[in-house]
Amino acid sequence: MSVHIAAKKGEIAKTVLQPGDPLRAKYIADNFLNEVRLVSKTRNIYYFTGLYKGKEISVGASGMGAPSIGIYSYELYTEYNVDTIIRIGTCGGYTSELNLFDVLNVENAASESTYAKFAWGIEDEIIENQGNVFGVINETAAKLSQAVKSTNIHTSDIFYRATPGTPAIAEKYNCTAVEMEAFALFANAKHLGKNAATLLTVSDIIPTQEQISADQREQALTPMIELALETALHFIKT
Ligand SMILES: O=P(O)(O)O[C@H]1O[C@H](CO)[C@@H](O)[C@H]1O
Ligand SMILES: O=c1cc[nH]c(=O)[nH]1
C-alpha cells in the first residue's frame with residue numbers, strides 16, 4: 001500500500017497501462033482483460049490487475065495533469081517495482097494536418113512545467129520517452145499494419161486559455177499536439193531509470209474545434225488500447 005494506491009505489494013504487475021481517466025481504466029479491464037481484480041480504488045482512481053493473452057498486466061489511472069501523474073507514476077515505480085508505464089491518453093491537435101482518432105507515439109514532451117526541475121533537478125524543457133518502449137510501439141504497429149505517427153508533443157498545465165493559437169514552446173519544438181501528463185511521466189522515469197512511453201489519440205482539433213464526445217473519450221480508443229496491450233506483451237516476462 002502506498003499513500004495514494006491501496007494495492008498490496010505484488011498486486012500490481014510490472015507493466016502498467018495508464019490512462020488519465022479512471023473509467024477508461026475500468027473499460028479496458030472490463031473489455032480486454034481476463035481474471036481481473038480491482039486492486040485499488042483510493043480516491044476513485046481505479047487500478048485493475050488481470051491477464052491479457054495469459055500475461056499479467058495492470059491498468060490504472062493517472063488523473064489529469066503533471067502533479068497527478070507525478071504522484072501515481074512515482075508510487076508505481078518505487079513502491080510496486082513497476083518497470084514500464086505506457087500512458088494511453090487523449091490530446092488536442094495543434095494542426096488540421098492531424099485528424100480525429102489519429103494515434104500518436106510521443107517522441108519528446110516539451111513543457112513550461114517546473115515539475116522536472118523542482119522534483120529532480122532536470123533543467124530541460126523537453127524530455128524524451130524513456131527506454132525502448134517507444135521503438136517497440138512502432139515495431140508492433142508495423143506488425144499490426146496500424147497507423148501511428150511519431151511526434152513531439154506539448155505537455156501543458158492549461159486546458160482552457162484566453163489566447164488562441166499555438167503556444168511558443170510548442171512552436172519551438174515542433175509539437176503537433178497538446179496533452180497534460182507525458183512530461184512528468186518521462187521525468188520520473190528518467191530520474192528512476194525506468195521505461196515510459198505515451199500513446200495519444202487525437203480527441204480535438206484545436207484550429208477547427210472538432211472534437212469527440214466524453215463517451216468516445218472513455219470508450220472509442222480501441223486502436224490505441226490494442227496497440228498498447230500488444231506492445232506490453234513484449235515487456236511481460238510471466
Ligand atoms: O485523456 P487523458 O489521458 O486524461 O488525457 C488528456 O485529457 C485530459 C484533459 O481533458 C488531460 O488529462 C489530457 O492530458
Ligand atoms: O490536454 C488536452 C487533451 C485533449 N485536448 C486538448 O485540447 N488538450
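I took helices (H or I, at least four residues) and strands (E, at least two) as DSSP runs, numbered from the N terminus. The model is predicted, so I required pLDDT of at least 70 for local features and 80 or more for side-chain atom pairs, while totals for chains, interfaces and linings use all residues. Residues are numbered from 1 along each chain as its sequence is written, and chains are lettered from A and ligands numbered from 1 in the order in which they are written.

I then listed the buried residues of α2 (20 or more other C-beta atoms within 10 Å of their own, C-beta atoms being placed from the backbone). They are Ala66, Ile69, Gly70, Tyr72, Ser73, Tyr74, Leu76 and Tyr77. Their cover, by contact (C-beta atoms placed from the backbone, within 7 Å), includes β1 (15-18), β5, α3 (115-120), β8 (149-155) and α6 (182-192).

Ligand 2. I looked up its surroundings (C-beta atom, placed from the backbone, within 6 Å) and found Thr90, Cys91, Gly92, Phe159, Val178, Glu179, Met180, Ser203, Asp204 and Ile206. Two or more residues come from each of β5 (84-93), β9 (175-179) and β10 (195-205); β5 gives the most, with 3 residues.

Ligand 1. I found Pro19, Gly20, Asp21, Met64, Gly89, Thr90, Phe159, Glu179, Met180, Glu181 and Arg217 around ligand 1.

Methods:
Buried ≥ 20, exposed ≤ 12 C-beta atoms within 10 Å, placed from the backbone. Contact = placed C-beta atoms within 7 Å.
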